[in-house]
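Dear colleague,

Please find below the structure that I am handing over to you. My findings follow directly after it.

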Amino acid sequence: MGWLRAGASVPQQQTIRDFAASRARAVKDIQAKLPRGRRAGMPRIKRKRAALPTLNYTRRGFRLKDGRLHLAGGIVLTVVWSRALPADPSSVRVYQDSLGHWYASFVLATESQPLPSTGRVLGVDWGVKEIATTTSDAHDLPHPQYGKNVARRLARYQRMMARRKPARGQAASRGYRRARRQAAKVHKKAVRQRQDTGRKWAKSVVRDHDAIAVEDFRPRFLAKSTLARKAADAAIAATKTALIEMGRRHGRDVCLVHPAHTTMDCGSCGARTKHALPLSERTYTCTACGAVSPRDKNSARVMLVRAGLNPAGAEGARPAGAPLPQAA
């Protein structure tokens, strides 16, 4: 923890506040899950000395002058700006990633950038074979499998790390540090590819539709299934977050739909099957109206119906003058 001890008092005090807030949230979550009458113990907090450097500076701990970042303690940084700041920041977080690169993340208030109306709506269903299946064939997001493409290289560097792992109490060798950096570089590349693909897809969806019905899918349970590796490579949660943030930025309505029984309901008449469909059955056939469609496409239309968008067809076109529902 030398990097924290050698810093100014502003990030040190902010670290204490962040630790207290995270511990209070963890205790509250544990107590909410326990039966009435039982008390929760202390939560397990990640040790700070095992984490990479992260310093939070409030408004009185930093300033911007001539394109340079001045931090408390007489530290002056030359920042490579990705884009101009639209407003004065209220705080900044300076952190280091696994490759040793330093980043500055600014917190500031921004205004919505509304896009022109299109009169179209879209339903989104999340999956593993395809990350996002929508009611529009042009906006489906296939699984790019970035993690699978780099798995061989990543396994090679991890084997090198295992062979050169130092004994307890000994310093790591140069070969071990080089292999660890190469493994981190390969992993970071896959992460950035997922983020870039998710943001570009979210921007195209938000640009072409006024309202979006999104399945409120929580993929945490997939980590305990046989699809854990493929689900992690899909990054469903990150793509969903990017879609919600992009919709908020451009003033679009993003409706979160409860995912229960979406594979059992019919997107045409609303009838529900008497039994759950197995994963091997990829075609949905309604026993009430006789509609036949791919399973994920039917679930995407169910999202529109539950959100109250009521599309006129599979492409999600709305009647002229029809009002849009409020975002959930």
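Which residue forms a salt bridge with Asp-140? The partner is Lys-297, and the closest N and O atoms of the two are 2.9 Å apart. Please note that the model is a predicted one.

**Salt bridges**

Asp-140 lies in the loop between S8 and strand S9 (141-142), whereas Lys-297 belongs to helix H8 (residues 295-306), so this pair ties together parts that are 157 residues apart in sequence. Lys-297 counts as buried, because its relative accessibility is 13% and the cut-off for burial is under 20%.

In total, the structure holds eight salt bridges. Another of them joins the side chains of Asp-233 and Arg-194, at 3.1 Å from N to O. Here helix H6 supplies Asp-233 and helix H5 supplies Arg-194, so parts that lie 39 residues apart in sequence are tied together. Asp-233 is buried as well, at 8% relative accessibility.

Asp-216 and Lys-240 also form a salt bridge, their closest N and O atoms being 2.6 Å apart. This pair links distant parts of the chain, 24 residues apart: Asp-216 is in the loop between S10 and H6, and Lys-240 is in helix H7. With a relative accessibility of 11%, Lys-240 counts as buried. Finally, salt bridges with shared partners connect Asp-137, Asp-140 and Lys-297 in one network.

**Nonpolar core**

The largest nonpolar core comprises 22 residues, and those with the most contacts inside it are Val-124, Trp-126, Trp-201, Ile-212 and Leu-243. Two or more residues each come from strands S7 (121-126), S8 (130-134) and S10 (211-215), and from helices H5 (174-208), H6 (228-234) and H7. Apart from residues up to four places away in sequence, Leu-243 touches Trp-201, Ala-202, Val-205, Val-206, Ile-212, Val-214 and Val-254.

**Arg-252**

Arg-252 is found in the loop between helix H7 (236-249) and strand S11 (253-257). Its relative accessibility is 9%, and it therefore counts as buried. A polar atom of the Arg-252 side chain lies 3.0 Å from the backbone oxygen of Pro-116. Beyond its neighbours within four places in sequence, Arg-252 is in contact with several residues, including Leu-115, Ser-117, Thr-118, His-209 and Asp-210.

**Surface patch**

On the surface, Leu-64, Trp-81 and Leu-85 make up a nonpolar patch, with about 230 Å² of accessible area together. Leu-64 is placed in strand S2 (residues 62-65) and is partly exposed, at a relative accessible area of 35%.

Yours sincerely

Notes. Residues are numbered from 1 along each chain as its sequence is written. This is a predicted model: local features need pLDDT of at least 70, side-chain atom pairs count only at pLDDT 80 or more; totals for chains, interfaces and linings use all residues. Side-chain values use heavy atoms; hydrogens and water are left out. Patches are made of residues with over 30% relative accessible area and no salt bridge: like charges are joined within 9 Å, nonpolar side chains (Val, Leu, Ile, Met, Phe, Trp, Tyr) within 5 Å. Accessible areas come from the Shrake-Rupley method with a 1.4 Å probe; for residues, only the protein chains shown count as cover. A salt bridge is a side-chain nitrogen of Lys or Arg within 4 Å of a carboxyl oxygen of Asp or Glu. Helices (H or I, at least four residues) and strands (E, at least two) are DSSP runs, numbered from the N terminus. Buried means under 20% relative accessible area, exposed over 50%, partly exposed in between (1.4 Å probe, protein chains only). A polar contact is a pair of N or O atoms within 3.5 Å; within protein, one must be able to donate a hydrogen and the other to accept it, and residues adjacent in sequence count only if both atoms are side-chain atoms. Contact means heavy atoms within 4.5 Å. A nonpolar core is a set of buried Ala, Val, Leu, Ile, Met, Phe, Trp, Tyr and Cys residues joined through side-chain atoms within 4.5 Å.
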